[in-house]
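Keep the viewer open as you read.

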Amino acid sequence: MANRSSHEIDILEGPIFKKYISFIIPLAMGYILQLLFNAADVIIVGQFAGALALAAVGSTTALVNLYLQIYVGLATGVNIEVAGAYATGNTSRVSGIVHTSVGFSFICGIFFLVFGFATVKPMLIVTGTPEDIIDMAALYLYIYCLGIPASVIYNFGAAILRSIGDTKRPMYYLIAAGVVNFVLNIVSVVILNMGVAGVAIATTVSNYISALLVISALLREESCLRLIPSQINLNRSVVADIIKFGLPVALQNSLFTIPNIMIQSSVNAFGSVCVAGNSASQSLEGFQLAFLNANGIAAATFTSQHYSARKYHRADRVMRILILSSICMSISIGILFVTFKTQLLGLYNSDPAVIEIGAKRLEIIVLTDFLDATMCVLSNVIRGMGRSLAPMVITMIFVCGFRMIWLLILCPIVNEYTFIIMAWPVSWVLAVIVMSVYYAVIRRGFPREDIVI
């Protein structure tokens, strides 16, 4: 069995920007294509099942993100561990991490399935979901939770492949699953008139397709990433290392959702029309976030490999390229979305009141998201340097904590929808400042130049 993968991007050698583009474009396109299919879900629901169905699906966004971001965070631990071992040529350790990661994903999948079922109704009640949509929202979430184990397996498997620069295959698998999702949505919502249940079923089925495809790829892999079913295990030290890097990310992502759920609750208080407009804007914002997430994974992967290989000076260049690129991408997409806001929001629902609400949120978020993009790159660079706890603490205090103060103290004084949404950009400014200072401090502890091993 060959030690190197034919799908690998040699991150450590050659022009950085070229390698970065090769890495991030398939990754971002995978996210965008997935979002296109998800947006199609929302559009189909809004156009064929009505504004209440749109609001019901939209009201679950914060909760779905809570479940998703926890295990996506744990998958970051897998990415960092495999990338570091692969960069040093330790193929036996890479193989051990792969088999433990897959075994761990099975356990996590079952756990989050049970956790999801147990939290559906209580969380919808806590967030103040309007009475006229709460039953539809609960139905959507219960069905969605059935696909959580598959989603966990896919994210862990994709993290393994992306750790060596292979972002193309995960993209292909998302395309395949997305096509199935779209077709099932048309059949279940438009033809069978199943409403939110149809959308949820389509999402669950597509999750299992993507999971099967990524596992199939690992089974066929000819490098040290190859998955051999009989060797799947739960090595304690590997699990501990995955948790060491992944749990702080999972907790950080979870902490993000707590004030976001509170914000969703505040938005819910303005009624179903406001929820529908807010949901349409959130769906559009996801396309901007696709590049943010892709840059975050690139930052963790590139930094982990470079620091493991002791290429510190080159790692500095990587960080500068990623930050500048993420800012340019975010601003460009933001300007585009604001320019065509009426047309884009009109795809989700034709009600002028819904479009007006969505436009208010869209203008605030997409034009300031470059701050969030910068924060994401910085936090993942710091993780790639081996400091996994600090980004979580900074996020907890200066993002989550600040937003909660904003909601609990300031929002009751200024009871306006746009003021609620301003909690996002203000918190990003604070976090970027603190992350930058922390990075500068810990960078001094490493050599300035590359070290030949």
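## Inside helix α4

The side chain of S101 has a polar atom 2.6 Å from the backbone oxygen of I97. That's a polar contact, meaning a pair of N or O atoms within 3.5 Å; within protein, one must be able to donate a hydrogen and the other to accept it, and residues adjacent in sequence count only if both atoms are side-chain atoms. This is a predicted model, in which local features need pLDDT of at least 70 and side-chain atom pairs count only at pLDDT 80 or more, while totals for chains, interfaces and linings use all residues. Residues are numbered from 1 along each chain as its sequence is written, and side-chain values use heavy atoms, with hydrogens and water left out.

S101 sits in helix α4, residues 91–126; helices here are DSSP runs (H or I, at least four residues), as are strands (E, at least two), numbered from the N terminus. S101 counts as buried because its relative accessibility is 0%. The cut-offs are under 20% relative accessible area for buried, over 50% for exposed and partly exposed in between, with a 1.4 Å probe and protein chains only. Skip residues up to four places away in sequence, and S101 touches V78, F156, I160 and I242, where contact means heavy atoms within 4.5 Å.

Further along, α4 has a kink of about 45° at V120, shortly before the proline P122. The bend is the angle between axes fitted to the seven residues ending at a residue and the seven starting there. After α4 comes G128, with a positive phi near 70°.

## Another buried serine

Now jump to S210, in helix α8 (residues 196–220). Which backbone oxygen does the side chain of S210 reach? The one on N207, at 2.8 Å. An α-helix has 3.6 residues a turn, so residues three or four places apart point the same way.

S210 is buried too, since its relative accessibility is 4%. Leaving out neighbours within four places in sequence, its contacts are Y154, Y173 and A177.

I16 belongs to helix α1, residues 16–48, and is buried at 3% relative accessible area. Beyond its neighbours within four places, I16 is in contact with R314, R317, V318 and I321.

P425 is in helix α17 (residues 423–443). With a relative accessible area of 6%, P425 is buried. P425 and F370 are 55 residues apart in sequence, and their C-alpha atoms are 9.4 Å apart. Setting aside neighbours within four places, P425 contacts I364, T368 and L371.

Most residues other than glycine have a negative phi. N193 isn't a glycine, yet has a positive phi of about 55°. You'll find N193 in the loop between α7 (168–191) and α8, exposed at 61% relative accessible area.

R310 is another non-glycine with a positive phi, about 65°. R310 is in the loop between α10 and α11. Is R310 buried, exposed or partly exposed? It's partly exposed, with a relative accessible area of 41%.

Searching the whole structure turns up 2 cavities of 30 Å³ or more. On a 1 Å grid over the protein atoms alone, a cavity is a set of points where a 1.4 Å probe fits but cannot get out, and a pocket is an open set with protein on both sides within 12 Å along at least five of seven lines; lining residues have an atom within 4 Å of a point. Points are joined across faces, edges and corners, and a volume is the space filled by probe spheres set on them. The second largest cavity comes to about 30 Å³, and its lining is Q288, F291, L292, N295, S326, M329, S330 and A373. The elements giving two or more residues to that lining are α10 (272–308) and α11 (312–339), with α10 providing the largest share, 4 residues. By class, that lining has 4 nonpolar, 4 polar and no charged residues. Here Ala, Val, Leu, Ile, Met, Phe, Trp, Tyr, Cys and Pro count as nonpolar, Asp, Glu, Lys and Arg as charged, and the others, Gly among them, as polar.

The largest pocket has a volume of about 200 Å³. Its lining includes I80, E81, G84, F245, S304 and Y307. For this pocket, the elements giving two or more lining residues are α3 (61–87) and α10.
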